[in-house]
Amino acid sequence: MFTAKEIAKATNGVLVGADTEVSSVSTDTRTIESGALFIAVKGENFDGNDFIGKAFENGAAAAISDAEKRAGNVEKPVIYVENSRTAQLKLARYYRDKFKVKLCAVTGSVGKTSTKDMIFAVLSAKFPTLKTEGNFNNDIGLPKTLFRLNDSFKAGVIEMGMSDLGEISELSKATHPDCAVITNIGWCHIENLKTRGNILKAKLEVLDGMDKNSPLIIYGDDEMLKTVSLDRKTVRYGFDGKNDVYADNIVHENNGEKFTLHYNSMSFPAEVPVLGEHHILNALAAFCVGIEFGMTPEEIIPAFMDYEASGMRQKIEKHKDYTFILDCYNASPTSMQSSLSVLGTMSGRKIAVLGDMLELGEMSGKLHAGLADYVEKNADIAFLFGTEMKALRDELFRREFPVFHSENKAELTDRLVQNLKSGDNVLFKGSRGMKMEEIAQKVE
């Protein structure tokens with residue numbers, strides 16, 4: 001995979017000790033493989049430099065460290081760098097460039113993972129494809145995905161998340177994408193970034209690692225992305241007929257959505273195996289990526305039906321006499337609206353069990369209360385959990401909509417169970433920290 005000298009050169013580090021070869025890369029001494037490179041990264045609650053000795057005991061062949069150089073003899077080679085996390089990104093870029101593989105970057109405020117999964121379904125129809133697994137979309141997780149590359153992969157889709165300016169720039173430089181998708185500009189991380197203009201700026205950092213001729217694919221109906229004007233190929237998708245790729249004639253069915261996809265003066269019947277118009281947008285984005293990677297519409301469109309959702313994202317499950325929509329991975333105003341819209345398409349009584357949307361800063365009260373229209377339109381009763389949900393509770397009370405609120409999860413769960421009836425459809429949705437799946441798990 002690498003030699004220690006290669007690693008030092010790629011990371012602008014200083015090698016202390018003899019040159020050696022490493023066969024894999026790890027930041028975790030608990031799972032490290034024999035012959036691996038251990039990268040001693042620092043987190044909020046740990047310093048990997050404290051575990052270098054343990055890494056060597058467990059079989060590491062070399063290490064990257066940003067601690068001060070140790071005096072005296074070094075038993076195994078250590079590459080000393082200014083910052084281990086930055087060094088890992090540099091090494092990932094060095095490794096990525098060893099392979100002739102086309103990579104697509106995906107970022108945006110909402111829908112990154114589901115869009116990534118749809119793109120993966122499309123690209124996999126023609127290419128052996130790598131994708132980001134789990135939540136490995138930051139400066140520690142993304143390199144782990146790139147280090148999985150080998151000669152068998154011909155395409156890949158890499159998710160990029162952020163919480164502040166400058167982060168996606170570094171991820172993009174490590175990835176060197178051949179195209180990028182921005183799904184939307186919402187309210188996530190408004191607490192840090194203060195304005196949606198800054199969120200847009202942060203998402204556009206995905207261009208920093210791209211060649212000038214690499215296309216940007218954006219959701220053309222988004223009010224912020226509509227303002228983007230670039231000196232590069234920009235492909236727009238959405239429901240508006242002015243976009244390069246758009247959908248209309250939408251028909252909601254029990255297990256998915258049917259629609260007509262329009263592209264280059266041609267029209268194609270298409271469908272996705274999941275409820276919610278936002279999944280149509282994901283399919284449109286994936287279509288654009290497939291076209292840019294040399295696929296035909298005839299190859300792309302059937303692959304929409306191979307889509308599988310990751311983790312706790314809008315999973316529709318039968319639970320005894322009820323239908324549950326489990327969408328507990330995260331929440332923002334936009335994703336809340338999407339999930340409530342899915343609930344609204346279902347036949348039978350509709351129950352919204354909603355938890356706080358976190359990290360919304362001073363906009364939190366307004367954005368929570370702003371969900372009232374969607375709750376009123378798509379649900380028959382609401383159960384709200386958390387401090388921030390008080391704002392939505394008050395607005396629903398004002399509208400005389402049936403709602404129960406509690407900051408005690410056990411109390412809320414008991415009240416929900418008491419109200420459930422055979423045939424009910426129940427949406428569980430909230431930010432990851434609210435762990436809304438725990439409520440669903442208690443329903444007997």
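Here is a working chat about the sheets, a helix and a pocket in this predicted model.

Q: Let's start with the second largest pocket. How much space lies in it?
A: About 520 Å³.

Q: And which residues are the closest to its centre?
A: N254, N255, L275, I316 and M346, out of the 22 residues that line the second largest pocket.

Q: What's the lining like by class?
A: The second largest pocket is lined by six nonpolar, 10 polar and six charged residues.

Q: Which strands supply at least two residues of that lining?
A: β14 (245-253) and β17 (315-319) each do. The largest share, four residues, comes from β17.

Q: OK, stay with β17. What sheet does that strand sit in?
A: An open one of six strands, in the order β17-β18-β22-β19-β20-β21, with mixed pairing. β17 and β21 (403-406) are the edge strands, so to speak the two that each pair on one side only. From one strand to the next the twist averages 15 degrees.

Q: How many bridges join β17 to β18?
A: Five, and the two strands run antiparallel; β18 covers residues 322-327. For a specific pair, take K315, whose bridge partner in β18 is L326.

Q: Moving along that sheet, is β19 mostly covered or open?
A: Mostly covered: six of its six residues are buried.

Q: Which residues go on which side?
A: K350, A352 and L354 are on one side of β19, and I351, V353 and G355 are on the other.

Q: How does β19 pair with β22?
A: In parallel, over five bridges. There, V353 stands opposite F428.

Q: And with β20?
A: That pairing is also in the parallel sense, over five bridges. L354 stands opposite L384 in β20.

Q: Which helix lies across those strands?
A: α15 (residues 409-419) lies across β19 (350-355), β20 (381-385), β21 and β22 (425-429). Helix α15 runs at about 165 degrees to β20.

Q: Switching topic: what's the order of the nine-strand sheet?
A: β9-β10-β8-β11-β12-β13-β14-β15-β16; that sheet is open, with mixed pairing. Its edge strands are β9 (129-131) and β16 (266-272). The twist averages 20 degrees from one strand to the next.

Q: How do β8 and β11 run, parallel or antiparallel?
A: Parallel, joined by four bridges, with β11 spanning residues 179-182. Within that pairing, the bridge partner of T107 in β11 is I182.

Q: Now α6. Which of its residues are buried?
A: I168, S169, L171, S172, A174 and T175. As background, an α-helix has 3.6 residues a turn, so residues three or four places apart point the same way.

Q: What follows α6?
A: H176, with a positive phi near 50 degrees.

Q: And at the other end, where is G166?
A: In the loop between β10 (155-159) and α6 (167-175).

Q: How far apart are G166 and E317?
A: 39 Å in space, C-alpha to C-alpha, and 151 residues in sequence.

Technical notes
Residues numbered from 1 in each chain as written. Predicted model: local features only at pLDDT ≥ 70, side-chain atom pairs only at ≥ 80, totals over all residues. Heavy atoms only, no water. 1 Å grid on protein atoms, 1.4 Å probe; cavity = no way out; pocket = protein on both sides within 12 Å on 5 of 7 lines; lining within 4 Å. Points joined across faces, edges and corners; volume = space filled by probe spheres on them. Nonpolar A, V, L, I, M, F, W, Y, C, P; charged D, E, K, R; others polar. Pairing = 2+ DSSP bridges. Axes fitted to C-alpha atoms, helices over the stretch in contact; angles between N-to-C directions. Contact = heavy atoms within 4.5 Å. Buried < 20%, exposed > 50% of the residue type's maximum accessible area, 1.4 Å probe, protein only.
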